[in-house]
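Look over the sequence and structure first.

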Amino acid sequence: MSSYRIRIDPRRKAFTRLISAIHRELAAALEGEGRARNLTQSDLANTLGVNKSAISRRLSGTSNLTLKSISDLAWALGHDVDFRLVSRRQKMAGANYPIATAPEGPMVISSTTGHTASAPLALSSHQVTTKVG
Amino acid sequence: MATPSTLADRGSLLRYEDHEEIQPAERLLFLFQELADWIDGTLVYQPRIRGRDLTPLEQVEALFHDFVYTKDFTGVGHFVNIMPQGDGVYEMKTPDVRVFGWFYRTAQFVAHSGALKKDIKRTRAVDRIRREVVQARSRLNLDQPAFIRSSRIHELI
C-alpha cells in the first residue's frame, strides 16, 4: 500500500485540529438550530449586530476565530461553551479512552444539546475536544 | 480493471493516512502522485493569508484528516460538484485551496489535482481542470461505475 501524509509541525497540527473541530461544532450547532427553530446565519448576524458576511466568514474559515467570536457565536446559537483539557498520554494509552469519564479533565466546548465531536484535538500535553451543538 | 485500493496497493495511487491518528478511518481518500507533488512542492510554501487561522497547507491537511477520520463529517460546504450535468467531478474546498477529484464509491474520494483559489479565479481554469480529471479517471481503467454522484453530498460522504 502506497500511503501519503501531509507533514506539518506537531504544534501547528494541534492548532489545526482545534480550529477544525470548532468550525465543525459551530456548523453542526447551526444546522441543528436551523432544523429545530429555523435559525439562519442572518439571524445570528442580527442577534450579534454584525453583517451576515461577517458570520459567513467566521464559519467558513476565511476570517479568523477568536475566543470572543467563538463565545459570541455560541451565545447567539443559544449554546454554552464548556472547556476541558484531555491528557494526550492517557488517550494514546487506549484508543477507546472514554472522554466523558476521563480522570484528567479535557477541554470541551459544549452546548445545550450535548452533541459530541468525534475528533480529538491535541494541545500541549493534553488533548482538546470540543462539544457544541 | 481495478479499484482505487488495488491501485494504491500497486503504487499507482497514494492513500492518505495520518500515522498519529488512533481513530479508525471512516472514509478513504486516494491521491494521484501529481497532487502529492504539488502539495509537497508548491502548497507547502504558500504563506498564511492575513485574517486566516490556517495556512493553505494546514487547511488541506485539516480537510483531508476530517474527511478520513471524523465520523460526523458532513461535507457540507466542503464539496461542490463542478459539473452537475454528468461528469461527477467534485471540487474539495478550503478557504484558499481547491482539490479536484471524484467519488469512486460512497466514502471513497480520489483526489486528482489541486490549485490555489486565487489562481483558479484569475485563470478561470475550472473547465480545463475538469477535463483533465475526466481524462485521468479514464486512464485508470477502474471497475464500473468509475464514479458516483448525487445532488445530496451526504449521500456520498
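The largest pocket is lined by 34 residues, and His23(A), Leu59(A), Ser60(A), Val76(B) and His78(B) lie nearest its centre. A pocket is an open set of points on a 1 Å grid over the protein atoms alone, where a 1.4 Å probe fits, with protein on both sides within 12 Å along at least five of seven lines; lining residues have an atom within 4 Å of a point. The model is predicted: local features need pLDDT of at least 70, side-chain atom pairs count only at pLDDT 80 or more, and totals for chains, interfaces and linings use all residues. Residues are numbered from 1 along each chain as its sequence is written, chains are lettered from A in the order in which they are written, and side-chain values use heavy atoms, without hydrogens and water.

- Helix H1 (10-37) and helix H3 (52-60) of chain A, with helix H3 (56-69) of chain B, each give two or more residues to the lining.
- H1(A) gives the largest share, eight residues.
- The lining divides into 11 nonpolar, 15 polar and eight charged residues.
- The volume of the largest pocket is about 920 Å³, taken as the space filled by probe spheres set on the points.

**Strands of chain B**
- In strand S2 (residues 28-31), Leu28(B) and Phe30(B) point one way, Leu29(B) and Leu31(B) the other, and all are buried (under 20% relative accessible area, 1.4 Å probe, protein chains only).
- In a regular strand, side chains alternate between the two faces of the sheet.
- S2(B) pairs with strand S1 (residues 14-16) in the antiparallel sense over two bridges; pairing takes at least two DSSP bridges.
- Leu31(B) is the bridge partner of Leu14(B).
- S2(B) also pairs with strand S6 (residues 108-116), in the parallel sense over four bridges.
- Val110(B) is the bridge partner of Phe30(B) there.
- Helices (H or I, at least four residues) and strands (E, at least two) are DSSP runs, numbered from the N terminus.

Terms used: Ala, Val, Leu, Ile, Met, Phe, Trp, Tyr, Cys and Pro count as nonpolar, Asp, Glu, Lys and Arg as charged, and the others, Gly among them, as polar. Buried means under 20% relative accessible area, exposed over 50%, partly exposed in between (1.4 Å probe, protein chains only).
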